[in-house]
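Hello,

Here is the structure I promised to send over. Please have a look at it first, and then read on for what I found in it.

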Amino acid sequence: QDSTCRNGFFPDGEGFRQAQVTAKRAFFYEDGNGCPTAQACRTRSFVIEGDQLVIDGRQLGAFVCAFYPNDVGGTAGWVQLADLRVRPTDTEPAASRWQGAWTDKGSADVAISGAGNRTVITGNAFWPARPEENEWVTIHIGEVDGPIAITGHRATYGDDNDCQLELTLLADFLLISDNRRCGGMNVTFSGVYVRAD
């Protein structure tokens with residue numbers, strides 16, 4: 001089984017669910033050799049009771065691959081399933097749940113508006129940083145602008161530039177995975193998004 005559980009690859013998974021931390025502290029475990037089961041794999045990073053995480057569909061023994069979004073890019077790693085309560089997924093959310101402004105708190109923002117067959121996504125992504133935070137001579141930019149096809153709590157986007165997005169809506173998070181063809185060098189919309197407000 002693949003034991004990889006890291007920030008950059010997390011949105012490319014599947015079977016995403018939202019989970020709430022029920023332990024006073026739930027530690028993240030590394031994904032290297034012998035991990036996550038060895039005690040030496042435990043990191044200093046942890047989440048606390050009440051925090052909301054995203055977990056993917058994989059489980060290795062007593063561990064699940066989890067991601068905690070924060071203002072510094074988020075933390076990914078293996079977490080003990082016993083420290084979490086997995087929330088049920090609304091597989092037929094109301095159209096209004098998709099709508100609004102979303103941010104990955106890093107380099108990308110998207111907005112979703114409309115409903116049904118007229119639901120549209122617009123957004124920008126930057127590398128190495130947003131223009132107002134960038135010190136490089138040049139930055140690379142990506143854009144999306146067009147309709148999304150929604151099926152339950154999943155959606156897809158595609159445009160004439162061969163940019164493709166897969167979206168998954170959870171209770172408090174929007175996950176986006178792209179095909180790495182949505183902008184300039186190193187630009188990606190892949191990430192775990194929270195509401196901008």
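Predicted model: local features only at pLDDT ≥ 70, side-chain atom pairs only at ≥ 80, totals over all residues.

Residues are numbered from 1 along each chain as its sequence is written, and side-chain values use heavy atoms, with hydrogens and water left out.

Back to D56, then. You will find D56 in strand β4, residues 52-60 (helices, H or I of at least four residues, and strands, E of at least two, are DSSP runs numbered from the N terminus). With a relative accessible area of 2%, D56 is buried; buried means under 20% relative accessible area, exposed over 50%, and partly exposed in between, using a 1.4 Å probe and protein chains only. A polar atom of the D56 side chain lies 3.0 Å from the backbone nitrogen of R58. From D56 to V110 there are 54 residues in sequence and 22 Å in space, C-alpha to C-alpha.

D178 has a relative accessibility of 7% and so counts as buried. Its side chain makes a polar contact with the side chain of T188, at 3.0 Å. (A polar contact is a pair of N or O atoms within 3.5 Å; within protein, one must be able to donate a hydrogen and the other to accept it, and residues adjacent in sequence count only if both atoms are side-chain atoms.) Not counting residues up to four places away in sequence, D178 touches Q164, L165, T188, F189 and S190.

Now for the backbone. Which residues does the cis peptide bond with omega near 15 degrees join? That bond runs from C35 to P36, and P36 sits in the loop between β2 (25-29) and β3 (42-48). Another cis peptide bond joins W127 and P128, with omega about 10 degrees; P128 is in the loop between β10 (120-127) and β11 (140-147).

Positive phi values in residues other than glycine also turn up. K105 has phi near 60 degrees and lies in the loop between β8 (100-103) and β9 (108-113); at 38% relative accessibility, K105 is partly exposed. R180 has phi near 60 degrees as well, in the loop between β15 and β16 (191-195), and is partly exposed with a relative accessible area of 40%.

Finally, the chain as a whole. The protein chain has 1 helix and 16 strands. Its radius of gyration is 17 Å, close to the 16 Å that the globule rule gives for 197 residues, so the chain is as compact as a globular protein of that length (the radius is taken over C-alpha atoms, and the rule is 2.2 Å times the number of residues to the power 0.38). Those C-alpha atoms fill a box of roughly 50 × 45 × 30 Å along the principal axes. Of the 197 residues, 42% count as buried. Among contacts between residues at least 6 apart in sequence, 54% join residues at least 24 apart.

Best wishes

Conventions:
Contact = heavy atoms within 4.5 Å.
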